[in-house]
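Welcome, and thank you for taking the time to look at a new structure. Let us walk through it together, one neighbourhood at a time.

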Amino acid sequence: MRVKIACVGGGPASLYFSILMKRRDPSCDITVHERNPAGSTYGWGVTYWAGLLEKLREHDPESAAAVSANSVRWTDGVAHVRDLRTVHRGDAGFGIGRRLMLDLLAERATSLGVRVEFEHEVTADRIPDADLVVAGDGVNSVLREKYADHFGTDVRLGRNRYIWLGTTQVFDTFTFSFQETDHGWIWCYAYGFSGERSTCVVECSPETWTGLGLDRADEADGLALLEKLFADILDGHPLIGRAQADGAAQWLNFRTLTNRTWSRGNLVLLGDAAHTTHYSIGAGTTLALEDAISLAGALRARTALRPALARYELERKAELLKLQSAARLSAQWYENLPRYIDLPPQQMFALLGQRHSPLLPYVPPQLYYRLDRAAGQLEVLRRFKRWLGPRLARTAQARSLAARK
């Protein structure tokens, strides 16, 4: 029997899932429906780490080779705090242009016989007729919203404001800049994704955002102000607000999205349609591709659709627990930046690297820094940190949930 699959949304998750399914069963009839024209995707560069590249090589060496060949690599992190600079030696990270990644995956999918249909919008009233419909249409998924009550969709807004920009300054390290203004702190992090461009994400508290007038400034004035604030790392290069021809970059509050269940009949959620994790941990693209790997594996292992979708959901939710916790703690670290920013830059940067720790919010920052350095030498302290942190985090989360009721 020839299986018909419709993937809604032409992002990394849908395209990679179509590649894996077509490789495993060339008889599958697979169509990827993307509402935008080819090459018009929003976004600058995306990040990933060596572990993802190993998984891509395992599941489709051809697309892995294409992604690897078109990525840039860095190892160090650099932080500028006021006029001071500090360096942290870290693990290798990679950046690639989002548009280029999608082009590479679409080309690979097409070569295997997948139909990639651009400018083909799927609406809630016109769901494709297929044995399996994959909703990979992002955080604003129209298919998920149609059945939001069934999926148990929950969206929580972060406190801080952020904007996703590009620049012609090419960074060869993962670079942070924290700048103090009369209205509070504003910061950015930037990383290269090609030989010509870098991504630059700017974030600040809502009070700083309004105090600086960024809530009222037009795009040109807003970018000019940000270029002045981050002149230390931009070195005369401009910030670019438009990532596509028909729209300007916007200031947003991050939306953390979860769903109680990920499938309904033959409809299944994938990537950002199913879950989001705060951008500060740089895991969105990785999680989307890992979703695709898990769903394809579950479908291969099970002959019946519902047990396969249940297995996929169970597996991915278990894998996501730790990362969702890390993302929540990372967002909170930035929301509480004044707690850390007056430490010596080396200590502040060290705690930036420890922002995923469930213990850090409950220990005075300088004491945590000293404990962390001691734990690097004493196994008993490492075990104590691993034991105490999650317990404090669970207690705080339980109190927070009780307060909402």
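This is a predicted model: local features need pLDDT of at least 70, side-chain atom pairs count only at pLDDT 80 or more; totals for chains, interfaces and linings use all residues.

Residues are numbered from 1 along each chain as its sequence is written, and side-chain values use heavy atoms, with hydrogens and water left out.

Thr277 sits in the loop between strand S15 (267-269) and helix H10 (284-301). Helices (H or I, at least four residues) and strands (E, at least two) are DSSP runs, numbered from the N terminus. With a relative accessible area of 9%, Thr277 is buried; that word stands for under 20% relative accessible area, against over 50% for exposed and in between for partly exposed (1.4 Å probe, protein chains only).

Now turn to helix H3 (residues 61-69), where Ser63, Ala64 and Val67 are buried. Looking down the axis of H3, you will find its buried residues within an arc of 105 degrees, so they line one face of the helix. The arc is taken from the directions from the helix axis to the C-beta atoms. Among the elements covering these buried residues are helix H1 (12-24), strand S3 (45-49), helix H2 (50-59), strand S5 (84-97) and helix H4 (98-111).

Next come the aromatic rings. Rings of Phe, Tyr and Trp (its six-membered ring) pair if their centres lie within 6.5 Å; planes under 30 degrees apart count as stacked, over 60 as edge-to-face and the rest as tilted. By this rule there are 21 aromatic pairs. In one of them, the rings of Trp74 and Phe174 have centres 5.6 Å apart and planes at 50 degrees, so the pair is tilted. This pair links distant parts of the chain, with Trp74 in strand S4 (residues 72-81) and Phe174 in strand S9 (residues 174-181), 100 residues apart. Trp74 is buried at 5% relative accessibility, and Phe174 is buried at 15%.

Another tilted pair joins Tyr162 and Tyr279, at 4.4 Å centre to centre and 35 degrees between the planes. Tyr162 belongs to strand S8 (residues 154-167) and Tyr279 to the loop between S15 and H10, so the pair ties together parts that are 117 residues apart in sequence. Tyr162 is buried, with a relative accessible area of 10%, and Tyr279 is buried at 10% relative accessibility.

Where do Tyr162 and Tyr279 turn up again? Both line the largest cavity, and the other lining residues include Gly158, Glu203, Phe254 and Glu335. On a 1 Å grid over the protein atoms alone, a cavity is a set of points where a 1.4 Å probe fits but cannot get out, and lining residues have an atom within 4 Å of a point. The largest cavity holds about 50 Å³ of space, a volume being the space filled by probe spheres set on the points, which are joined across faces, edges and corners. S8 gives the most to its lining, with 4 residues.

Our last stop is Asn253, found in strand S13 (residues 252-258). Apart from neighbours within four places in sequence, Asn253 is in contact with Leu157, Gly158, Arg159, Asn160, Arg161 and Tyr162.

Conventions. Contact means heavy atoms within 4.5 Å. On a 1 Å grid over the protein atoms alone, a cavity is a set of points where a 1.4 Å probe fits but cannot get out, and a pocket is an open set with protein on both sides within 12 Å along at least five of seven lines; lining residues have an atom within 4 Å of a point.
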